[in-house]
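Q: Please take a close look at one part of this model. I would like a plain account that I can follow residue by residue.

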Amino acid sequence: MLITLQKLKYAEFASQETSCFEAVVVIDGVPAFGASNDGHGAPDHYYPLKGQSRDDFDRNYARVEAYAKTLPQMKAFGVMLDQTVETLVDGALHTHLVTKDLQRLLKRAVAFVRTGKVYTLSLRGKKPAQLSDGDWQRIESQIKDGTILNRVPFEQALALYRQIAQE
């Protein structure tokens, strides 16, 4: 089961103890129900989508809840926790935000990973898409002991970026 978010509205400025957001939870590409959190530490709120019956909402929520119970425990804040609808939605939110962050970074700078950290290179007004093959060769010769995120497949760059973000 693939759980993603659509129509995400995220308010970093209002996220205090939890993430402040509103989104449509999508199960395997099909909108399932709405989710939101006001960012003040309370659990997420789940609700039917506009025009969705309560039975459809309950059925979709139960599917995600049952799926969460099949997953292994996760480590958070030094303790092992059972997976829940909330951990899956929050995981989808984190994935969405990290993906957008990396996409923005790769559009504006050359980013590379070295010794467990992400670094960027100043391009003096250029964007990575404007670099010539010669520019890339010079950059690659300077970064021999790192991985240039702009030069690997996006999924690989995202995996590296997420790994560093979780440390």
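**A close look at Asp44**

A: Asp44 touches Phe21, Ser36, Asn37, Glu86, Val89 and Asp90, leaving aside residues up to four places away in sequence. This is a predicted model. Asp44 sits in the loop between strand 3 (30–38) and strand 4 (45–47).

Is Asp44 buried or exposed? Asp44 is buried. Yet Asp44 has no salt bridge. The nearest side chain of opposite charge belongs to Arg162, and that is 15 Å away. What does the side chain of Asp44 make a polar contact with? The partner is the side chain of Asn37, at 2.8 Å. Asn37 is also among the residues that Asp44 touches.

Now for two other loops. Most residues other than glycine have a negative phi. Phe77 has a positive value, near 55°. Phe77 lies in the loop between strand 5 (74–76) and strand 6 (79–81). Phe77 is exposed, because its relative accessible area is 85% and the cut-off is over 50%.

Thr115 also has a positive phi, near 50°. Its place is the loop between strand 7 (110–114) and strand 8 (117–121). Thr115 has a relative accessible area of 67%, so Thr115 counts as exposed too.

Notes
Residues are numbered from 1 along each chain as its sequence is written. This is a predicted model: local features need pLDDT of at least 70, side-chain atom pairs count only at pLDDT 80 or more; totals for chains, interfaces and linings use all residues. Side-chain values use heavy atoms; hydrogens and water are left out. Helices (H or I, at least four residues) and strands (E, at least two) are DSSP runs, numbered from the N terminus. Buried means under 20% relative accessible area, exposed over 50%, partly exposed in between (1.4 Å probe, protein chains only). Lys and Arg count as positive and Asp and Glu as negative; His and the chain ends are not counted. A salt bridge is a side-chain nitrogen of Lys or Arg within 4 Å of a carboxyl oxygen of Asp or Glu. A polar contact is a pair of N or O atoms within 3.5 Å; within protein, one must be able to donate a hydrogen and the other to accept it, and residues adjacent in sequence count only if both atoms are side-chain atoms. Contact means heavy atoms within 4.5 Å.
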